[in-house]
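These are my notes from one sitting with one model. I put down what I looked up, in the order I looked it up.

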Amino acid sequence: MPAKRTMRVRRVYDPPEDGDGVRVLVDRLWPRGLSKERAAVDEWPKELTPSTELRRWYHEDRTRYAEFQERYEAELAGPEQSEALDRLRDLAKGRTVTLVTAAKDIDHSHVPTLVAVLERGRPSG
């Protein structure tokens with residue numbers, strides 16, 4: 001039976017909680033005005049974040065969310081990203097991992113796509 005994996009998503013500005021487990025920052029840029037101590041981040045895999053170009057492209061027009069998700073998922077299929085995804089999945093085996101982000105609107109950020117890819121596991125084929 002596979003080890004239980006628990007993924008949580010929280011804003012990095014919220015105070016850490018005992019149940020957070022391993023806290024992973026999933027933003028390319030460090031959150032404004034937040035000290036490393038207050039953020040209490042254990043991992044910061046920048047290769048799992050949308051490229052600067054993609055992030056800027058999406059921020060120009062937030063109505064492009066569906067296409068942003070497709071493009072971001074394509075980026076996550078890269079070799080560096082696949083390796084980082086596997087590492088994060090391994091980290092989550094049998095323990096809680098909390099993905100933290102500075103995004104105000106988490107539901108329309110890159111985080112739901114990242115969580116879906118992490119939960120789906122490696123594509124078979």
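Is W44 buried, exposed or partly exposed? I looked it up: W44 has a relative accessible area of 29%, so W44 is partly exposed. The scale I use calls a residue buried under 20% relative accessible area, exposed over 50%, and partly exposed in between, with a 1.4 Å probe and protein chains only.

**Ground rules.** This is a predicted model, in which local features need pLDDT of at least 70 and side-chain atom pairs count only at pLDDT 80 or more, while totals for chains, interfaces and linings use all residues. Residues are numbered from 1 along each chain as its sequence is written, and side-chain values use heavy atoms, with hydrogens and water left out.

**Confidence.** I checked pLDDT, the predictor's confidence in each residue, from 0 to 100. Its mean over the protein chain is 91, and 93% of the residues reach 70 or more. Strand β1 (residues 6-11) has the lowest confidence, at a mean of 92, and strand β2 (residues 22-25) the highest, at 97. I take helices (H or I, at least four residues) and strands (E, at least two) as DSSP runs, numbered from the N terminus. I keep one caution in mind: where pLDDT is low, the predicted coordinates should not be read in detail.

**The sheet.** I traced the strands next. Three of them make an open sheet in the order β1-β3-β2, with parallel pairing. β1 and β2 are the edge strands, each pairing on one side only. From one strand to the next, the twist averages 30°. Two strands pair if DSSP finds at least two bridges between them.

I went through the bridges. β1 and strand β3 (residues 96-101) run parallel and are joined by six bridges. In this pairing, M7 has V97 of β3 as its bridge partner, and V9 stands opposite L99.

How many residues of β3 are buried? I found five of its six, and I noted the strand as mostly covered. In β2, V22 and V24 point one way and R23 and L25 the other way, and all are buried.

Helix α5 (residues 111-120) packs on the sheet, where it touches β1 and β3, and its direction makes about 155° with that of β3. Axes are lines fitted to C-alpha atoms, for helices over the stretch in contact, and angles run from 0 to 180 degrees between N-to-C directions. Contact means heavy atoms within 4.5 Å.

**Aromatic rings.** I searched the whole structure and got five aromatic pairs. One of them is W30 with W44, an edge-to-face pair at 5.2 Å centre to centre and 70° between the planes. This pair links distant parts of the chain: W30 is in the loop between β2 and α1 (36-39), W44 in the loop between α1 and α2 (52-60), and they are 14 residues apart. Rings of Phe, Tyr and Trp (its six-membered ring) pair if their centres lie within 6.5 Å; planes under 30 degrees apart count as stacked, over 60 as edge-to-face and the rest as tilted. W30 counts as partly exposed because its relative accessibility is 25%.

I also noted one aromatic cluster, formed by Y58, Y65, F68 and Y72.

Which residue lies over the face of W44? It is K46, at 4.1 Å from the ring centre. R71 lies over the face of W57, at 4.0 Å from the ring centre. A charge sits over a ring if NZ of Lys or CZ of Arg is within 6 Å of the ring centre and within 35 degrees of the ring normal.

**Single residues.** L54 is in helix α2. Its relative accessible area is 5%, so L54 is buried. Beyond its neighbours within four places in sequence, L54 is in contact with F68, R71, Y72 and E75.

Y13 lies in the loop between β1 and β2. Its contacts outside four places in sequence are P31, R32, L34, R38 and A102.

Last, I looked at A40, in the loop between α1 and α2. Its phi is near 50°, a positive value in a residue other than glycine.
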